[in-house]
Amino acid sequence: MSDPSKVDHDLKHLYPDFRAKVEKTLALANSYTFKPDTLEPKFAEFREFVVFEGYRSVDRQAWLYAQGRTRAGNVVTNSQVPGWHGFGLAVDVVWRDTDGKLRWDGEKALWEILGHCARVNGLEWGGDWQGNLGDYGHLQIPKTEIASWRAKAREYLKGIGLGSPI
């Protein structure tokens with residue numbers, strides 16, 4: 001069993017068709033965050049959007065859920081099961097600054113670029129969620145399409161030696 005405290009950054013653990021959509025989204029978003037005439041970043045210290053975490057095992061999700069409840073730290077999730085992440089059909093995106101530091105903060109306008117590019121590529125953006133569920137760095141297959149993707153993604157993960165929920 002792998003260490004549930006470790007983040008899975010390996011894009012090969014995403015279902016390939018979803019991975020292609022994510023890669024197109026990030027390339028487009030990264031191009032929109034620079035001024036076309038000078039190639040200067042539109043946002044202070046911004047260098048690029050990157051995937052922080054993609055595939056998430058059941059054990060990792062349980063470990064994350066325990067944070068702020070039975071393990072020290074702030075609550076980072078309200079879900080006990082990995083959902084779309086558990087099928088390699090969701091990613092959490094952050095931005096890298098000019099010093100190479102990964103960042104979860106930033107102007108809403110920066111994240112809205114990511115959201116626009118996600119929608120252009122047929123992905124659901126967590127920033128569109130209503131209420132306090134807004135998650136600006138989250139991209140996934142739309143809820144209306146998950147049923148048609150889940151079985152294919154489960155088979156792909158099984159073929160590379162990873163499990164999925166249910």
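Tyrosine 15 counts as buried because its relative accessibility is 11%; buried means under 20% relative accessible area, exposed over 50%, and partly exposed in between, with a 1.4 Å probe and protein chains only. Before going further, please keep in mind that this is a predicted model, in which local features need pLDDT of at least 70, side-chain atom pairs count only at pLDDT 80 or more, and totals for chains, interfaces and linings use all residues. Residues are numbered from 1 along each chain as its sequence is written, and side-chain values use heavy atoms, with hydrogens and water left out.

Rings of Phe, Tyr and Trp (its six-membered ring) pair if their centres lie within 6.5 Å; planes under 30 degrees apart are stacked, over 60 edge-to-face, and the rest tilted. Tyrosine 15 and tryptophan 149 make an edge-to-face pair, 5.8 Å centre to centre with 80 degrees between the planes. This pair links distant parts of the chain, 134 residues apart: tyrosine 15 is in the segment before α1, and tryptophan 149 is in helix α4. Helices (H or I, at least four residues) and strands (E, at least two) are DSSP runs, numbered from the N terminus. Both tyrosine 15 and tryptophan 149 are buried.

Tyrosine 15 also forms an edge-to-face pair with tyrosine 156, at 6.0 Å centre to centre and 80 degrees between the planes. Because tyrosine 156 lies in helix α4 and tyrosine 15 in the segment before α1, the pair ties together parts that are 141 residues apart in sequence. Tyrosine 156 counts as partly exposed, at 22% relative accessibility.

Elsewhere, Phe34, Phe46, Phe49, Trp95 and Trp111 form one aromatic cluster.

What about the open space? The largest pocket holds about 960 Å³. On a 1 Å grid over the protein atoms alone, a pocket is an open set of points where a 1.4 Å probe fits, with protein on both sides within 12 Å along at least five of seven lines; lining residues have an atom within 4 Å of a point. Grid points are joined across faces, edges and corners, and the volume is the space filled by probe spheres set on the points. This pocket is lined by 32 residues, with Val76, Thr77, Asp92, Asp135 and His138 the closest to its centre. Elements giving two or more residues to the lining are β1 (46–53), α2 (58–66), β2 (90–97) and β5 (138–140).

The second largest pocket has a volume of about 210 Å³. Among its 16 lining residues, Ser2, Asp8, Tyr55, Ser57 and Arg60 are the closest to its centre.

Finally, look at the loop between α1 and β1, where leucine 39 is found. Leucine 39 has a positive phi of about 60 degrees although it is not a glycine, and leucine 39 counts as exposed, at 63% relative accessibility.
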